[in-house]
Amino acid sequence: MGIKAAITAVGGYVPDYRLTNSILETMVDTTNDWIMSRTGIEERRILKEEGAGTSFMAIKAAEELLEKRGIDASEIELVICATATPDMMVASTAAYVATKIGAVNAFSFDLQSACSSFLYGLVTGAQFIEAGTHKKVLVIGADKMSSIIDYTDRTTCVIFGDGAGAVLLEPNEEGLGLQDSVLKSDGSGREFLYIKSGGSMHPSSEETVQKREHFVHQEGPQVFKFAVTNMADVSGQIMERNNLSADDVAFLVPHQANKRIIDATARRMGIGEDKVMLNIHKYGNTTSGTLPLCLWDYEKRLKKGDNIIFSAFGGGFTWGSVFLTWAYDPS
Ligand code: UT7
């Protein structure tokens, strides 16, 4: 049967501060009704601690996971930090996180593919387990989206929030764990969702800052269209080639970008609302945090052997779907 990479523990962290729709109504020209009906978001968490970056949340999620799993950080051999908002442009956030949690025997790297970062990280981490070279891989999805959002732009500031989730991957010889994945990208999508400046093409300058080019720009309706089609396509594909009917699927774990995108994906898969993990109303779109935070919120409802399908779409464009069987019962 060979070795599969199973998720054996989950951790999470969201900041305390709640940015509600009514607070946003005082900041930009928007309404609770518009936000609720167009996105399904009621509030998002914002990291307010002075000088704290993405690593702050990633460390908290990882520490919670280690405590739950009851293992010492020195057992971790690899830390992948999936993030679109690293602490700094160059120094690896993953390296800092690994050192801070005491993962002294791990190597570590960041993985950036916008909202698909965690999904790509999960599949990447699994390769090290399946190859038999590594036995404990920590995959963290963390983003401080508030650091790259323009709070005068109503088309983006109502959507995003901050948060982090983490999973531990370990070998499983009972056939449980990651079963299949479909990962895709299409660089022609980068004109619809990007941060124009601060990278190598347009380094930051007084002018780029004045033009607010260091913030996320999104052509919402265009991204929406691609997200709906592509998330549904890859999720359908993964069900088909693994002979899964909707009845076989215990949960869909969709990227939390917009409730309408999630509903459309579930509909195309024939999966009922009760089987769709949903927390967008509480956290908004936390980019790399959405999928592991879903697992964090729903962990108690997952049983050993459950078939779950992850589905994500993000900037680049990048997207994909993963089929995984859950490896443990709630404690
Ligand atoms: O996670 C990475 C991938 N990202 C996504 O998947 C996001 C995909 N896109 C979306 O979720 C949606 O496109 C948005 C939520 C961003 C926008 O919703 P929409 O239904 O596509 O709205 P729209 O952009 O077509 O705007 C409709 C109207 C416009 O006004 P006019 O031109 O019709 O007068 C906007 O200016 O709504 C206006 N509008 C707002 N009104 C109140 C845009 N943002 C707001 C707002 N409050 N916050």
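Four strands form an open sheet with mixed pairing, in the order 8-13-12-11. The model is predicted: local features need pLDDT of at least 70, side-chain atom pairs count only at pLDDT 80 or more, and totals for chains, interfaces and linings use all residues. Residues are numbered from 1 along each chain as its sequence is written, and side-chain values use heavy atoms, leaving out hydrogens and water.

**Exercise 1.** Identify the edge strands of the sheet.

*Solution.* Two strands pair if DSSP finds at least two bridges between them. Strands are DSSP runs (E, at least two residues), and helices are runs of H or I of at least four residues, numbered from the N terminus. Strand 8 (177-185) and strand 11 (251-254) each pair on one side only, so by this definition of pairing they are the edge strands.

**Exercise 2.** Describe how strand 11 pairs with strand 12.

*Solution.* Strand 11 and strand 12 (residues 307-314) pair in the parallel sense over four bridges. Pro 254 stands opposite Ser 311 in strand 12.

**Exercise 3.** State which residues of helix 8 are buried.

*Solution.* Buried means under 20% relative accessible area, with a 1.4 Å probe and protein chains only. Among the buried residues of helix 8 are Val 223, Ala 227, Asn 230 and Val 234. Residues three or four places apart in an α-helix point the same way, because there are 3.6 residues a turn.

Terms used: Buried means under 20% relative accessible area, exposed over 50%, partly exposed in between (1.4 Å probe, protein chains only).
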